[in-house]
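Please take a look at the structure below. A short briefing on some of its helices follows.

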Amino acid sequence: MRVHAAAAMAGRLRMSRALSNTAYSSLALYIEYLFGLIASIVIARALLPTDMGIYSLLVWVVANSIVVANAGITMAAIKFIAELRGAGRNDTTAVLVRRLRRMQRNMLLAVIVALCAIFAFAHGRIAPGVDLWLLGLLILSVAFRAPYMFNIAVLKGGQDFRSTAVIAIIGASFNLALVILAWMKAASLQTFVEVYALSSLVFYLVSQWRASRFARIATDSAATLSPELETRMRHHLRVVAFTTVFGTIGSSEIELLSLNLLSDAAHAGLFKVANAVAAGVALLLPGILSAQLLPMMASAQGRSQDEANRRFVDMTVWLYVLGAPLIAAGAVFADHAIEWLYGNAYAEAAPVLIVLLIARVASVLGQGATAFLMSADRQTALMRLTLSFSALRLIGAFACTYAFGLTGAIFSTMVLALSGSAVTIRLAMRISGTRMPWMRLLRISAAALLPALCCIPIARALPPLSGLLAGTVVFAIGYPLSIWLLRGLSDADADVVRMLAAKLRSRMR
């Protein structure tokens, strides 16, 4: 009896910790991406499509340079720190952090040298009309943001989601305030590049402050990494470095490069604003679980394979529960959203938004399978998939942009996003020996469709802001009701919802 009581207590503690982590990681995601979305809207209204296309390409170059600089090191930090904690081996965590940080600094130096060469010889093609000293500020942004991302990975691996929330609140708020100030003073592209560099410094300083306890522990720790862990970590880094770099570049806004080079900078601006909304919404709703997937899956893997298998299926279904209404609502209210957020200058971005919403939600659905494969040390299989689809994405983006312009770019993005997630989920199902509850997923789709049908008359009758507000009310009431009546939730899911509702009611008293 005591054993069962202890097991039950441990389960409740894990559930409580998971709920707390969900709250903090959700707060961090909401603040960072919501404020980032608002900032991108303000910048778009200030620059209009052509300059927005150039600015977006420069930020894309910085973002992908950060990915190369971290080269899978951040993923290794999340995975192995969470794994060591799950196995109760906290003594070696500091040594691991110190080792990975040194690797990251060496990679960052190589990336900075490469960026200097690229900007020196191709700056007129990549950023026509932009001064070289501004490109130097972008290189400084890489130098600040790469270690900032490493610090975030260390905190996520330690499941310190409270610190990630603090960093997001301070950094994103500071960035948004600067962007609004620049917009009020009728700023140009140059000013927004300066704002980006300054906000990069703030993100780095705040993350360094929150992650500094790991540096202090590393100084005092006399522990060493076991040979077995050393071997696994080297294998992980060799495989995941290629997977992460090519996968992220392949799944990033590569269309910004193809559109700027092969079509029109204004088309790149339209793509950017639509993708900002699609990616932001997909991360704000389904993505509340994304930040926790790898540490949760690695921790479950440390306890038992069966638990990891169940967690993979449950997380994939929940990502679909959260993602399905986004696609349904986007199909009805895309025109309203673009007009209200960006104005008539970006009206042509509405159909782009619908297609990209499907693509971004599809990409989110595959994240549970990716976390499962990585935690199960299936990095090689994941690498093959990632490299294959990254190559297809690169080829598709440039070939379809060359042939069909903006239309070709967005449909290539959607088809490959759907295919990539489907193949990744299928591989995870085969390895875990699990099956998806297809009938339940069908009922969830129907539950999302019902409020969308109800919103069609609203979208036709009301102006942008009123239509969006009315549609939000309909979906907020209609979708939970539909999914409950159509039995889209399992018994275990329903119990979790009841527990959350009871906890919320107790706090409101």
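Predicted model: local features only at pLDDT ≥ 70, side-chain atom pairs only at ≥ 80, totals over all residues.

Residues are numbered from 1 along each chain as its sequence is written, and side-chain values use heavy atoms, with hydrogens and water left out.

**Helix α4**
- Helix α4 covers residues 132-157, 26 residues in total. Helices here are DSSP runs (H or I, at least four residues), numbered from the N terminus.
- From first C-alpha to last, α4 reaches 38 Å, close to the 38 Å expected at 1.5 Å a residue. The expected span is 1.5 Å times one less than the number of residues.
- Just after α4, Q159 takes a positive phi of about 55 degrees.

**R145**
- R145 sits in α4.
- Leaving aside neighbours within four places in sequence, R145 is in contact (heavy atoms within 4.5 Å) with I66, Y196, S199, S200 and F203.

**Helices α12 and α14**
- Helix α12 (residues 350-365) packs on helix α14 (residues 379-432) at about 30 degrees, with axes 7 Å apart. Axes are lines fitted to C-alpha atoms over the stretch in contact, and angles run from 0 to 180 degrees between N-to-C directions.
- The two helices are therefore roughly parallel (angles under 35 degrees).
- Residues making the contact include V352 and L356 of α12 and L406 and F411 of α14.

Methods
Parallel < 35°, antiparallel > 145°, perpendicular 65-115°, else oblique.
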